[in-house]
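Hi,

Here is the structure I promised to pass on to you.

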Amino acid sequence: MNLQEQALIAAADDPVRAFTRLWTRKEAILKYYGTGIIDDLHSVLNNVPKNVKIDTFDHTDYVLSIAYTSNSATSRRVSNTSTSRCKVSSVNSLNRDASK
C-alpha cells in the first residue's frame, strides 16, 4: 500500500475492511490487465483508464470488487448496465478469526 492508502487504513473505523476494500480493488484491476501481482501495487489504482470502472460492494463478511469496461463516458453500476462487459472480480473474506 502507498502512503495515502496506509493513512486511509489507519484512520478508518474498521481498518480490516478498509484494507480489504483497497486490496480487492487492486486485485480486480490487476486481473483486468492480466498481469497479476507483478505490477506496481503502490500505484496500480492511480492509472486506471477512464473507460475501466471498478465497483466495490460490501457484505457483512465479504468485500467484492469488479473491474469492467464501460461503454459509457459516465460511471454506471454493473447491475444497471447491459452494455458493460464484466471482465474480472476479486472477493475476499473479512474473517478475522483464522480458526474458523
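Asn 2 touches His 42 and Asn 46, leaving aside residues up to four places away in sequence. Please keep in mind that this is a predicted model. Asn 2 sits in the segment before helix H1, which covers residues 3-11. Its side chain reaches the backbone nitrogen of Gln 4 at 3.1 Å, and a polar atom of that side chain also lies 2.7 Å from the backbone nitrogen of Glu 5. Because the relative accessible area of Asn 2 is 14%, under the 20% limit, this residue is buried.

Is Lys 26 buried or exposed? Its relative accessibility is 1%, so Lys 26 counts as buried.

Now for the charged pairs. A search of the whole structure finds five salt bridges, and here are some of them:

- Asp 14 and Arg 17 meet through their side chains, at 3.9 Å from N to O. Asp 14 is partly exposed at 26% relative accessibility, while Arg 17 is buried at 18%.
- Arg 21 pairs with Asp 58, with the closest N and O atoms 2.3 Å apart. This pair links distant parts of the chain, as Arg 21 is in helix H2 and Asp 58 in strand S1 (residues 52-58), 37 residues apart. Arg 21 counts as partly exposed at 29%, and so does Asp 58 at 42%.
- Glu 27 pairs with Lys 31, the closest N and O atoms being 3.9 Å apart. Both lie in helix H2, four residues apart, or about one turn of the helix. Lys 31 has a relative accessible area of 39%, so it is partly exposed.

Salt bridges with shared partners also join Asp 14, Arg 17, Arg 21 and Asp 58 into one network.

Finally, a look at the whole chain. How many helices and strands does the protein chain have? There are two helices and three strands, and from the N terminus on they run α-α-β-β-β. The chain has 100 residues, of which 32% are buried. Among contacts between residues at least 6 apart in sequence, 44% join residues at least 24 apart. The chain exposes about 6,300 Å², with carbon and sulfur atoms supplying 53% of that area.

Enjoy exploring, and write back with any questions!

Best wishes

How values were computed
Residues numbered from 1 in each chain as written. Predicted model: local features only at pLDDT ≥ 70, side-chain atom pairs only at ≥ 80, totals over all residues. Heavy atoms only, no water. Buried < 20%, exposed > 50% of the residue type's maximum accessible area, 1.4 Å probe, protein only. Polar contact = N/O pair within 3.5 Å; in protein donor to acceptor, adjacent residues only side chain to side chain. Contact = heavy atoms within 4.5 Å. Areas by Shrake-Rupley, 256 points an atom, 1.4 Å probe, with all protein chains shown as cover. Salt bridge = Lys/Arg side-chain N within 4 Å of Asp/Glu carboxyl O.
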